[in-house]
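Reader: I'm new to this one. Could you show it to me and then take a few questions?

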Amino acid sequence: MTLEILLRLLVALVLIIVVARSAGWLAERVGQPAVVGEICAGILLGPTLFGGELTRLLFPAEVRPSLSVLADAGVVIFMFLVGSELNEKLLRGQGRAVARVAVGSMAVPFALGAALALYLIDKHPSGDRLAFALFLGTAMSVTAFPVLARILTDRGLMETRIGALALACAAVGDVLAWTLLAVVVGLAGGPGALWHVLFVVPFAALLVFVMRPALTRLGDRWTGGRSTVTWRRGAGVLAVVAAGLALSAGATEWMGLHLIFGAFLFGVAMPRRNWDSAYEWALPWARRVSSLLLPVFFAVAGLAVDLSEIGGSGLGELALVLLVAICGKGLGAYVGARTSGIQVRPSVTLATLLNTRGLTELIALTVGLELGLLDTTLYSLMVVMALVTTAMTGVLMPWVHSRPRLQAAAQHPVLPPEVRPGR
């Protein structure tokens, strides 16, 4: 890399971070999650405006490979954090309701998305019709676990029953969605590649039954019952986590899957016992790096979004995509909640919350674009869907869950401190 290319890369990074942070701040000022503004920033930096001339000026071809590497690093760290924050204790005492709502909120949009794929396949040809249908169904079923957690925190619902239920359903849905996406990746890679997906099962078992106990013993030795972690031990924690994350992501890449699957599995398999103090020391570093690199991912994803040539037919397809995504997710979650004995208003609240897609959807769409399952037009429409459904949650929540109800719910938390998600 020459000095000129390095300087252009640094300028591009500074520009991306400044624009993303500014857009995220503006989104928060109007009551939206910051990710809504950051996705908008990524789209605006892409070829949608000025025929792509601005994009080519700001992000010349020679710096884009380096930006893609940084974007992949940010997504890998983010997926590790998502996995590490999944807490099985969220299911305690409400497994039946979680199962019904999670399955309903996945099955209905998946079926409707697969049916929509049969209509769109002729307009957006794909190399594998089955993989295309399964992918579109999976993309319609995604819920953004981290963005949902942020919305619940901002609304004062994190420690309430409805908040815990929504977060638990999103966690279960995440596991199901990434499992389905792994199958789709295997199908898209051809008959031989599908066998590679089977390696994920023993690999996941290795992480859970071998790596987790080993790291638990290591945590026992490091902490020794102490509530604080020294710099030396903290650096050791970071080194172990970074090495394990790189090996796990590399393993799923070798299997023919995507890096994100290994990162997610490694996060899920991380031990909890005697690692709390280590998490408190190490995870903020991981979050800082992730928050620094994720805007790069938004920008790289935005480079493939081109809304400038979407005409009347494109708008019609966008309406269909939004209808399937919103109604499918909402109807599935609502029916699952009502059959679990949950009252009407909390059921509507759950349906609204689980429609949040955000960054998780964008990651899935990027995988679909890389596999050739989505063309630029359909990818652009799906990104708009992710943006609309995420922003919609913030707009609708005051209507479906009024401020007096929010205040009353916040005064009656149902989760003890050790069960509450987030570290």
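**Cysteines, a threonine and a helix**

Author: Happy to. This is a predicted model, where local features need pLDDT of at least 70, side-chain atom pairs count only at pLDDT 80 or more, and totals for chains, interfaces and linings use all residues. Residues are numbered from 1 along each chain as its sequence is written, and side-chain values use heavy atoms, with hydrogens and water left out.

Reader: Is Cys327 buried or exposed, or partly exposed?

Author: Buried means under 20% relative accessible area and exposed over 50%, with partly exposed in between (1.4 Å probe, protein chains only). Cys327 has a relative accessible area of 41%, so it counts as partly exposed.

Reader: How many disulfides does the structure hold?

Author: A disulfide here is a pair of cysteine sulfur atoms within 2.5 Å. The number in this structure is zero.

Reader: Which backbone nitrogen does the side chain of Thr48 reach?

Author: Thr48 sits in the loop between α2 (34-44) and α3 (53-58); helices are DSSP runs (H or I, at least four residues), numbered from the N terminus. Its relative accessible area is 18%, so Thr48 is buried. At 3.1 Å, its side chain reaches the backbone nitrogen of Leu307.

Reader: How far does helix α1 reach from its first C-alpha to its last?

Author: Helix α1 covers residues 3-29, 27 residues in total. The expected span is 1.5 Å times one less than the number of residues, and that gives 39 Å here. The model comes close to this, as α1 reaches 39 Å.

How values were computed
Helix = DSSP H or I, 4+ residues; strand = E, 2+ residues; numbered from the N terminus. Polar contact = N/O pair within 3.5 Å; in protein donor to acceptor, adjacent residues only side chain to side chain.
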